[in-house]
Structure formats: C-alpha cells, structure tokens
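Please read the points below with the sequence and the structure side by side. They are set out as separate remarks, each on one part of the chain.

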Amino acid sequence: MTATTATALRLPIDGVLRTHVLGEPGPWRRPGGPITSRIAYAAAHVVPKVTADSSPGAPADLDWDITMAYRHELWSYGLGVADAMDTAQRGMGLDWTATRELIGRSGREAAAVGGRLSCGAGTDQLALTDIPCGKAGLAAITDAYRAQIEVVRDAGAQVILMASRALATIAESPADYLSVYGTLLAEVDRPVILHWLGDMFDPALRGYWGSADIDSATATFQKLIETHADKVDGVKVSLLDAGHEVALRRALPAGVRLYTGDDFNYPELIIGDETGHSDALLGIFAAIYPAASTALQELDAGNSTRAHEILASTQELGRHIFAAPTYYYKTGIAFLSWLNGHQPGFAMVNGLASGRSVGHLCELFVLADRAGLLADPTLAAARMRTYLALNGVDG
C-alpha cells in the first residue's frame with residue numbers, strides 16, 4: 001500500500017460516499033520555555049480502561065496511565081491543565097470517587113514536571129434528592145464545596161469553583177448564590193477561578209446566579225466579584241457569547257482575569273482588542289493543543305497576526321465539535337484523541353462515545369485534517385477505517 005492509498009478513504013459526506021485524501025500535519029512546535037503572553041489552560045478529558053464497564057450509570061473505571069499521559073502531552077506544549085471539569089465528564093459519568101483520585105494523581109504529576117494545574121471543586125458528592133430546602137440546604141452545599149476545595153488544595157492545584165447543580169436546584173434568589181459563594185471566598189487562602197457554565201453545556205444549570213435573564217445574572221456575578229476581588233484570580237465564562245464576554249471583561253476589577261470558555265469565538269477573544277484580551281480555559285484546547293501552543297508562541301514573539309491566523313484555522317473544527325447539543329462535545333475530543341493514538345480505543349465513561357453520529361464524526365475527521373491536527377495521517381486513516389467498518393461503511 002502506497003502512502004497515498006494508505007491515507008485515502010471514502011467517507012459518507014452529505015449522504016454520499018466521497019474520497020478524502022489526508023494532508024500533512026501542521027507546522028506545530030513545542031515551546032522552548034514558558035508561554036508568557038497569555039495564561040492558557042486546556043480542559044482535559046479522561047480515558048476508561050479497555051476492560052471497564054463504561055455503560056451509563058456505571059462507576060468510572062479509568063486507565064490512569066493513559067489519562068495522565070494525555071496531561072503530560074498538554075504540559076509538554078506549554079499549556080496548563082484544567083482538570084476535573086466538564087471536559088472530564090464531571091457529573092456526567094465521572095463520579096466523585098474517581099474525581100478525587102484524578103485530582104490527587106494530576107497534582108502529583110504536575111508537581112513532577114512543574115506543570116500548571118487548576119482543578120474543579122463542586123458539590124457533586126451530594127445526591128440532589130437528599131438536599132433539604134432553605135438554609136439547611138445552603139449549608140450542606142457550602143460544606144460540600146469546602147470538602148472539595150480541601151481536596152484540590154491538598155493536591156497543590158489552584159481551585160476552580162464550579163457551578164453547582166445542587167445550588168441551581170434549591171436556590172430561591174440571587175442572594176442565595178451570593179451567600180454560598182461569599183462564604184467560600186471569605187475562607188479561601190489564595191485566589192480562585194470562578195466558573196460560569198452556561199446551560200448549553202449543562203441544562204441543569206439554567207438560571208444560574210438566580211435568573212435566566214443574562215443581564216440580571218451578570219449583575220449578580222459582578223456584585224460577587226467586586227465584593228471579593230482580592231479572592232478572585234479570574235472568571236471562566238462559558239456562554240458562547242463573545243459580545244457578553246468582552247463587556248464583562250472590560251467591567252472586571254483590576255487584577256481579575258477573564259479566562260475565555262468560548263469554544264466558538266476564542267481566536268478574537270484571546271488576541272483581544274485595544275482594551276484588553278482574554279486568557280483561556282478551554283475544552284477545545286484539549287483537541288487543538290499543538291496549534292494553540294504554536295499560536296501562543298507567536299503571540300509571545302509579537303506576531304499577533306500570525307497567532308490569529310493559526311487560531312482561526314482551527315475555528316471551524318471547534319464550532320463543529322461544540323455544535324448543539326453542546327453537552328456531547330466531549331465525544332469529539334475523545335474521538336480525536338483516539339485518532340491521534342493517545343488512547344487504545346474510542347471509549348468514554350457513561351457510554352458517551354455514542355453521543356455523536358457517524359456523519360458528525362466523519363466531518364470532524366475532515367475538519368481536523370484540514371486544520372493539520374492529525375499528527376500521523378496513516379494511523380488516523382487506519383483508525384477511521386476501523387470506525388467506519390464497525391458502523392457498516394466501506395471506507
């Protein structure tokens with residue numbers, strides 16, 4: 001088999017089998033030192049054992065060596081790792097027992113290589129059906145946050161205060177959010193990252209900060225930040241609304257960062273404008289990390305035009321991976337990881353590998369190729385043929 005035939009395959013595109021020939025990977029490079037122009041985190045996914053019961057509802061059973069190896073890959077490109085977040089299927093198959101071990105292991109690995117690490121602290125050890133209403137419920141949620149904050153701190157990682165489904169369920173007003181978060185921020189001994197995750201990522205979080213109206217929710221969020229600015233390193237906003245993010249970024253107190261969580265509009269937000277820029281804490285960076293790192297290195301060198309070109313070349317892929325229903329974006333990240341040889345099988349905890357259609361993943365394959373993000377085209381083509389054959393397609 002020649003190189004061309006090894007990297008040519010027939011894909012079902014728009015309902016018709018079409019031949020696609022893979023190109024070469026992009027001119028990506030690892031940095032020779034720390035990236036300085038932006039703080040950038042990739043939110044990493046997790047990999048189950050090949051022998052694990054990964055059916056919906058089963059406890060997560062992870063391949064720790066492979067899961068940690070992926071984090072080392074991200075660190076080798078100069079990016080930080082945001083762990084135990086929604087990309088790791090937090091509350092979406094990754095139970096608290098596995099999460100706690102993930103945080104501890106990632107902390108040890110980060111310390112060994114000097115890698116930047118932040119981890120999510122939430123309340124998912126609580127069963128929603130067991131939480132009382134009113135002040136007793138708010139106290140239980142506050143205590144649950146405290147316990148997870150301690151786990152993150154003990155791992156040597158920065159705390160990311162994640163949005164809480166429990167709080168979204170029982171909170172009766174914006175004051176309830178301000179009470180829980182205000183108590184926690186008063187107690188922490190170093191600044192944290194606040195995470196506002198939109199309901200397109202998790203429908204259970206609709207109405208977070210006490211209102212489904214974005215302007216009202218934002219006013220509550222800003223009040224919290226302004227009251228506790230010395231305890232807030234930054235805010236990660238995942239609403240997929242670039243205009244809202246820019247307006248919020250401009251209104252933040254001095255010294256508080258905006259970590260973009262906008263997996264649609266990240267090029268313009270990271271490059272910024274005359275009033276500033278966003279740093280990054282992105283799920284899409286777990287998929288495009290070689291290109292993202294190279295773009296940030298160009299920013300370090302003062303080449304903002306080239307940096308934007310690189311990031312923009314990945315944008316169509318990012319919008320496809322995070323297309324509605326956005327909840328299933330994690331499926332695309334794991335699929336690309338498998339295509340690139342970073343895990344032995346295309347499997348995910350909670351059975352989420354079935355979250356996207358054959359057509360969606362075929363388009364992902366083409367877009368990743370066009371973006372130069374298939375590191376070994378021969379391997380990627382072989383694995384894609386396997387996937388197609390399993391789904392009854394002769395590729």
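**Notes on selected local features**

1. Asp 14 is found in the loop between strand S1 (8–13) and strand S2 (16–21). In this predicted model, Asp 14 has a positive phi of about 55 degrees although it is not a glycine, and with a relative accessibility of 71% it counts as exposed.

2. Gln 89 also has a positive phi, near 65 degrees, and is likewise a residue other than glycine. Gln 89 lies in the loop between strand S4 (80–83) and helix H3 (96–113), and its relative accessibility of 1% means that it counts as buried.

3. Strand S5 (residues 117–121) pairs with S6 in the parallel sense, over four bridges, and within this pairing Cys 119 stands opposite Val 159 in S6. In a regular strand the side chains alternate between the two faces of the sheet. Strand S6 (residues 158–161) is covered on both faces, with Gln 158 and Ile 160 buried on one side and Val 159 and Leu 161 buried on the other.

4. The axes of helix H7 (residues 214–227) and helix H8 (residues 242–251) come within 12 Å and cross at roughly 25 degrees, so the two helices are roughly parallel to each other, and their crossing is right-handed. Ile 214, Thr 218, Phe 221 and Gln 222 in H7 meet His 244, Leu 248 and Ala 251 in H8; by class, this contact has four nonpolar, three polar and no charged residues.

5. Ala 324 and Pro 325 are joined by a cis peptide bond, with omega about -5 degrees, and Pro 325 is found in the loop between helix H12 (315–321) and helix H13 (329–339).

Technical notes:
Residues are numbered from 1 along each chain as its sequence is written. This is a predicted model: local features need pLDDT of at least 70, side-chain atom pairs count only at pLDDT 80 or more; totals for chains, interfaces and linings use all residues. Side-chain values use heavy atoms; hydrogens and water are left out. Axes are lines fitted to C-alpha atoms, for helices over the stretch in contact, and angles run from 0 to 180 degrees between N-to-C directions. Angles under 35 degrees count as roughly parallel, over 145 as roughly antiparallel, 65 to 115 as roughly perpendicular and the rest as oblique. A crossing is left-handed if the near helix is turned anticlockwise from the far one by less than a right angle, and right-handed if clockwise. Contact means heavy atoms within 4.5 Å. Ala, Val, Leu, Ile, Met, Phe, Trp, Tyr, Cys and Pro count as nonpolar, Asp, Glu, Lys and Arg as charged, and the others, Gly among them, as polar. Buried means under 20% relative accessible area, exposed over 50%, partly exposed in between (1.4 Å probe, protein chains only). Two strands pair if DSSP finds at least two bridges between them.
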